[in-house]
2 protein chains.
Amino acid sequence: MTVINKYDCVLCKDKSCAVAILTPDELKLLTGNCSEVELKRGDTIFKAGSLTTHIVYLKTGLVKESLIGSNKKEQIIQLIKAHSYLGLSSMLGYKTNHYSYKALEDLRVCYIDSTVFKQLVQSNGKFAFEILVSVSRENLNNYHRCVNKSLKQMYGRFADAMLYFSQVIYESNTFDLPITQNDLAALTATTRESITRTFTKFKNEGIIELNGKTITILKMDLLENISKTG
Amino acid sequence: MTVINKYDCVLCKDKSCAVAILTPDELKLLTGNCSEVELKRGDTIFKAGSLTTHIVYLKTGLVKESLIGSNKKEQIIQLIKAHSYLGLSSMLGYKTNHYSYKALEDLRVCYIDSTVFKQLVQSNGKFAFEILVSVSRENLNNYHRCVNKSLKQMYGRFADAMLYFSQVIYESNTFDLPITQNDLAALTATTRESITRTFTKFKNEGIIELNGKTITILKMDLLENISKTG
DNA sequence: TTGATTTGGTGATGTACATCACATTTTGTA
DNA sequence: TACAAAATGTGATGTACATCACCAAATCAA
């Protein structure tokens, strides 16, 4: 993990929509309490249970958000793309983080002192409003996907995952799967073996193409239908 | 549904912690854009898909929050106790409500114009902060319970539901189940038949007592253990 | 380059739980 | 009070998917 020369948040090209609203004075305060760091693929950013002394803003890269259930099984909540905060709800609602965060690619992140962040929320209602909107959307989306896990059965959940990568994460019909099949099982609440079997089935039916880690969706409408019917 | 004589939000004894923070001017604005209504058990407050023109604050009573999946199955997200807002995340993040709300008891609610509510968030950072904290906590709690549905199996989820009623909703070892076994199935992601069977099993094992709708938890530690081991 | 570790593929087997099909009891209402 | 509708109880049956067991392929580390 490499700390980068600190530069002014005003000039930062990766800053969040919320931070863009801050006044010059507030931006100065932020700059003084923010440090940029580079992380490598596979690095843990922070773990569930850690104190929320800092909030992390993801400038570039892809991150896995997950938790371990009481039965020791991992559950992946979402993948987080650049220009998002990690663990906002935990930081705002509690003293400890509820989820763990791991780098799926090399990352650039900013660590922001959480006291300063909360201070900014309280001093600038428009900033607070932007944060509220993004927290609300993120939570509704996550919840929606979580509900589907107990409402749909395996093929439907698998289709959901493929659509998630294609439409939300990469916005393309072709993409390289950034996680292992084990992780894919943790994302779709099933087992690694079932993922393998579903891959071969979907390949055989010409719904998707799979070359190594590269997935191409051939029949999008069929995939969406499988997602709907569960 | 009965509209009550409007009285000043300043004098309201059921106002939220967030509203208690507002300035006299802001409270005046709220009073002018808020109306209290009485609803009967079984009434629908609003449905998923409706426009978020108003936000509803629950003054007294118990509410069921739910959604219908694409496979037509209902899923209950949570029961909401007095002194909470209904559908805050939807109102803040989107133009339409994502969940439906139904009265499990007779209710008293306030309808607040959502434009005014958003205005208050933007004009008062401390108010916004309180809202942010409650949205964050509610979402983390809901998500946690949702994750357990796909991580644990039936007895564990049933135990979770019993603990939810006992510890979160009623804060007592004895309580009257406010929902049918059908609803209980929708809350625990199982079927009505399985709920019945689990009831008889837990009764026979002396974990709970069931008289009509009245449930008494006899072995709390055992129930917590079942919840943990799934 | 080699051996170790992680990841991925596939069959055989078991089981948790849904589904179906009724009977019975309770609740709401005409 | 009586009848319909909703809610509950319980068995028989089926199946989706986990689990186990083992092998092959890819990746990593020395």
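How many salt bridges are there between domain 1 of chain A and domain 2 of chain A? The count there is two, where a salt bridge means a side-chain nitrogen of Lys or Arg within 4 Å of a carboxyl oxygen of Asp or Glu. Let's get our bearings, then go and find one.

**Before you click**

This is a predicted model, in which local features need pLDDT of at least 70 and side-chain atom pairs count only at pLDDT 80 or more, while totals for chains, interfaces and linings use all residues. Residues are numbered from 1 along each chain as its sequence is written, chains are lettered from A and ligands numbered from 1 in the order in which they are written, and side-chain values use heavy atoms, with hydrogens and water left out.

**Stop 1: the two domains of chain A**

Select residues 2-149 of chain A for domain 1, then 152-229 for domain 2; bounds like these come from an automatic or database domain assignment. Their C-alpha centres lie 27 Å apart. Where they touch, domain 1 of chain A supplies 13 residues and domain 2 of chain A supplies 15, with contact meaning heavy atoms within 4.5 Å.

The two domains bury about 1,300 Å² between them, and carbon and sulfur atoms give 57% of that. Buried area here is the accessible area (1.4 Å probe) that two parts lose on being put together, summed over both.

Now pick A:Lys81 and A:Glu171: their side chains meet in a salt bridge, 3.0 Å from N to O.

E6(A) gives the most, with five residues. Helices (H or I, at least four residues) and strands (E, at least two) are DSSP runs, numbered from the N terminus.

**Stop 2: where chain A meets chain B**

Bring chain B into view: 41 residues of chain A are in contact with 41 residues of chain B. The chains bury about 3,900 Å² between them, 66% of it on carbon and sulfur atoms.

H5(A) gives the most, with 20 residues.

**Stop 3: the axis**

Chain A can be laid on chain B with an RMSD of 0.0 Å by a turn of 180° and a shift of 0.0 Å along the axis, using least squares on the C-alpha atoms of residues with pLDDT of at least 70 in both copies. That is the relation of a two-fold axis. To find the axis, click A:Gly125, whose C-alpha is the nearest to it in chain A, at 2.0 Å.

Finish with A:Arg108 and A:Glu36, whose side chains meet in a salt bridge (2.9 Å, N to O). A:Arg108 sits in strand E9 (residues 107-113) and A:Glu36 in strand E2 (residues 34-39), 72 residues apart.
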